[in-house]
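Please look over the sequence and the structure before reading on.

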Amino acid sequence: MIYRKIINLLKMKVNSLAVGDFLPTENELANLYNISRNTLRKALKELEFEGLIERKHGSGTRIKNKPFQ
């Protein structure tokens, strides 16, 4: 499934940033990976469930934890 590949790519992106940093916007990430926003949201929801990111409507997506430290 495509969203599983996106999850792995996002985990690498999360690992390259510091805790507290913001990920790019949904539009920017969808364009970067050439996927629909729905696919991206599904991947982001999984990362949020794993405790790696925190999403707030209107504020953005913040790194909460790193997958590999």
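Among contacts in the protein chain between residues at least 6 apart in sequence, what percentage join residues at least 24 apart? The share is 56%, where a contact means heavy atoms within 4.5 Å.

## Basis of the description

The model is predicted, so that local features need pLDDT of at least 70 and side-chain atom pairs count only at pLDDT 80 or more, while totals for chains, interfaces and linings use all residues. Residues are numbered from 1 along each chain as its sequence is written, and side-chain values use heavy atoms, with hydrogens and water left out.

## Overall fold

The protein chain contains 3 helices and 2 strands, arranged along the sequence as α-α-α-β-β; helices (H or I, at least four residues) and strands (E, at least two) are DSSP runs, numbered from the N terminus. Its radius of gyration is 11 Å, which agrees with the value near 11 Å for a compact globule of 69 residues; the radius is taken over C-alpha atoms, and the globule rule is 2.2 Å times the number of residues to the power 0.38.

Of the 69 residues, 30% are buried, a term that means under 20% relative accessible area, with exposed meaning over 50% and partly exposed in between (1.4 Å probe, protein chains only).

## Salt bridges

A salt bridge is a side-chain nitrogen of Lys or Arg within 4 Å of a carboxyl oxygen of Asp or Glu, and by this rule there are 4 of them. In one of these, Glu-50 pairs with Lys-11, with the closest N and O atoms 3.1 Å apart. Because Glu-50 lies in the loop between α3 (37-49) and β1 (53-56) and Lys-11 in helix α1 (residues 2-16), this pair ties together parts that are 39 residues apart in sequence. Glu-50 is partly exposed at 36% relative accessibility, whereas Lys-11 is buried at 18%.

Glu-26 forms a salt bridge with Arg-41, the closest N and O atoms being 2.9 Å apart, and this pair links helix α2 to helix α3 across 15 residues. Glu-26 also forms a salt bridge with Arg-37, at 3.0 Å between the closest N and O atoms. Glu-26, Arg-37, Arg-41 and Arg-55 are linked in a network of salt bridges.

## Arg-62 in strand β2

Arg-62 is placed in strand β2 (residues 60-63) and, at 35% relative accessibility, counts as partly exposed. Leaving aside neighbours within four places in sequence, Arg-62 is in contact with residues including Gly-20, Phe-22 and Ile-53.
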